[in-house]
Amino acid sequence: MVSAKIDIPQDTFLVGIGSSPGIAIGESFLLHRNRTTVVPRQITPEEVPGEVASFRRALKMSQVQLREVKDGVSDQRLVDHLYIIDTHLMILDDEMLVKDTISLIEKELLNAEAALQKTVRKFRDVFSSLEDEYLRDRQSDIDSVGDRILCNLTGETRQSLTDIDQKVVVIAHDLSPADTLQIDRKKIIGFVTDVGGRTSHTSILARSLGVPAVVGLETATALVPGGIPVIMDGTNGTLILNPSEMTFREYLRKKQDYEYQEQELLSYKELPAITRDGFRVSLQSNIELPMEISQALSQGTEGVGLMRSEFLFMGRPTPPDEEEQYHAYLEVVERMTPHPVTIRTLDVGGDKFVPEINLNDEMNPAMGLRGIRFSLNEKQMLNVQLRAILRASAQGPVRIMFPMLTGVAELRQCLEYLNAIKNELRTAGIKFDEKIPVGIMIETPAAALIADHLASEVDFFSIGTNDLIQYCLAVDRANEHVAYLYEPLHPAVLKALALICQAAEKNNIPVSMCGEMAGDPLYTLILLGLGINELSMNPSGLPRVKRILRQVDRSAGQKVIDEIFGLTTAQEVIQCLEKRMADLFPDLFGEPSF
Amino acid sequence: MKISKTMKIVNRLGLHARAAAQLVKTANLFTSEILIEKDEETVNAKSIMGILMLAAVCGSEITVNVDGDDAESAMQAVGELVENGFGED
């Protein structure tokens, strides 16, 4: 091992998958777990009962061990995840596993180890062929249970994480969820594994525990000896061996910044997003699934600015019926009350393709039958959806939003249609919010240019920046040849934003933004200057944006707008903006990204 | 007594680990044999591996076949679990 220390050059970078954010700096600890070598052996019929008995004994021992792990968990953050261990206990008890293994011992006269390995491999192969990524990752659960039984069969003692008594970064071939549950944060400051994916149970647990983790770094155990200084960054998946003094200092600062910011940002959670001179911005979340609500609430969200309903329609052969949609919307509404929930009607086509909905191949899908055009073409589907949304509006504040409009005629068609459905509900005596606000997403240049006409007929605007930028600049950002032209700060985009905001202000309706631009703190001052009332983003972005808003006056936003609106290229705007933000917020924008 | 019923998986993640574990737990409360069929594949509802291997994603249909003394209550319990999306979404 001593020679290995010398062999590894300073600042050797290895890259895996960052599966749990945070930085750990410390000594590596190589977890020795040689994979048990299994030698298949033909046994005599007389040996069969003995082999079966040892197999059953190994199952029992594994069960006892897992129960101990489960009973040892007291951390509240982990209690929710104990089903993982339950799953493993069930695998131990699984008749397929038990029967198949015993039958191999009896019929093929295989020794217990080999029989078990054969069974595990069979299941593993089935799982690895599954299409669903989440289910495919379950092969790691079967592997870890299989390994445990095997160890108990061979009587090998495995090095356990609980044996570690110093502060280390663990380097392992793989860690089972049971291992991860046993991590003592005071001792294990991070871990790196050769295998694993972002959705493996081990990664899920690491994130819940807040332990930085890098997984899938195929060569970690082969290249990293124990006892050398390492730095790992679970945010981007890097592992640095033998860091130089410069790298060490660099990361020490990054680590301190990261931890300080995490702490500090959370202290803003309960506070409103209000500028020092009293301009109030409502910070909301974009969500797809009801299960995302808890994370949004934990980051201090004030509502759902965009509920993408198309995800209810994905991965299934037929669209969800009214009841199913109603319950999905209701759950979000009930959990968010008193905060508002903005539900966008089905937005398919373009980059949001739902394969189950039969869209004919189009030459140019981004400009084809998509968004509201699709819904107006599929009235029955829209009918069902609007009824479900309206019904949910009886239980809490809901707003309806139509995507991808290009003109007033289209809007009037939507409103007429909505009114007809409201009448249907009234006649049937079904309750809904009579004053339900109706808004549109402004995401086409056409809608931006006639924003003043549109504003007089709706209750709110929501700017969908991703599409607005693409249509404005005629750039498909998924197309590698032109993606470089996708520039949120292109003067044309800024002009479009200004038009939309002015029209909203003149007509006295609120304007929201729910594209990626809303969640990037670099743009916060511009959006503030434009007078945007509501920003909706991925929940993790909320604290940073809020912090910026609370530290400035609205005039700071206006000043930035004045500075950048005369500039002629996106490059000039970026340079000017980055400098301005670094001056105002040196701790958030001060260091060049590394 | 033998009963058979077709139902739809409505929770977003489908029969993934947490949902499958719940199904196995529920199935084990009954003495009846409970088989789950999907796309011509049949597994025992008391086997977690079997259920996971069905790869029953959201929107897929499964047929539950129950046979035994407590078949009716078993079917009801399994049905409720599936219909309620395993209490998830």
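**View 1. The open sheet of chain A has eight strands.** In this predicted model, the strands follow the order E1-E8-E7-E3-E4-E5-E6-E2, and their pairing is mixed. Which strands form the edges? They are strand E1 (12-15) and strand E2 (17-20) of chain A, and each of them pairs on one side only. As you follow the sheet across, neighbouring strands are turned by 30 degrees against each other on average, direction ignored.

View 2. To find your place, look for A:Ser20, which stands opposite A:Ala213 in E6(A).

**View 3. Helices H10 and H12 of chain A lie across strands of chain A.** Helix H10 (residues 201-209) lies across E2, strand E5 (188-193) and E6 of chain A. H10(A) runs at about 55 degrees to E2(A). Helix H12 (residues 245-266) of chain A lies across E1, strand E3 (23-30), strand E7 (229-233) and strand E8 (238-241) of chain A. Its angle to E3(A) is about 120 degrees.

**View 4. Helices H4 and H5 of chain A cross at roughly 35 degrees.** H4(A) spans residues 83-93 and H5(A) spans residues 95-107, and their axes come within 5 Å. Which residues make the contact? From H4(A) come A:Ile91, A:Leu92 and A:Asp93, while H5(A) brings A:Glu95, A:Leu97 and A:Val98. Sorted by class, four of these residues are nonpolar, none is polar and two are charged.

**View 5. Chain B meets chain A through 24 residues of chain B and 31 residues of chain A.** The size of an interface is often given as the accessible area lost when the parts come together. Between chain B and chain A, the buried area is about 2400 Å², and carbon and sulfur atoms give 71% of this area. Try to spot B:Arg12, B:Met49 and B:Met53: together they supply 27% of the area that chain B buries against chain A, more than any other three residues.

**View 6. One salt bridge is found across the interface of chain B and chain A.** It joins the side chains of A:Asp86 and B:Lys25, at 3.3 Å from N to O. Five residue pairs are in polar contact between the two chains. On the side of chain B that touches chain A, helix H1 (17-27) and helix H2 (48-54) of chain B each supply at least two residues. The residues of that side are 13 nonpolar, five polar and six charged.

Note on methods
Residues numbered from 1 in each chain as written. Chains lettered and ligands numbered in written order. Predicted model: local features only at pLDDT ≥ 70, side-chain atom pairs only at ≥ 80, totals over all residues. Heavy atoms only, no water. Contact = heavy atoms within 4.5 Å. Buried area = accessible area lost by both parts, 1.4 Å probe. Salt bridge = Lys/Arg side-chain N within 4 Å of Asp/Glu carboxyl O. Polar contact = N/O pair within 3.5 Å; in protein donor to acceptor, adjacent residues only side chain to side chain. Helix = DSSP H or I, 4+ residues; strand = E, 2+ residues; numbered from the N terminus. Nonpolar A, V, L, I, M, F, W, Y, C, P; charged D, E, K, R; others polar. Pairing = 2+ DSSP bridges. Axes fitted to C-alpha atoms, helices over the stretch in contact; angles between N-to-C directions.
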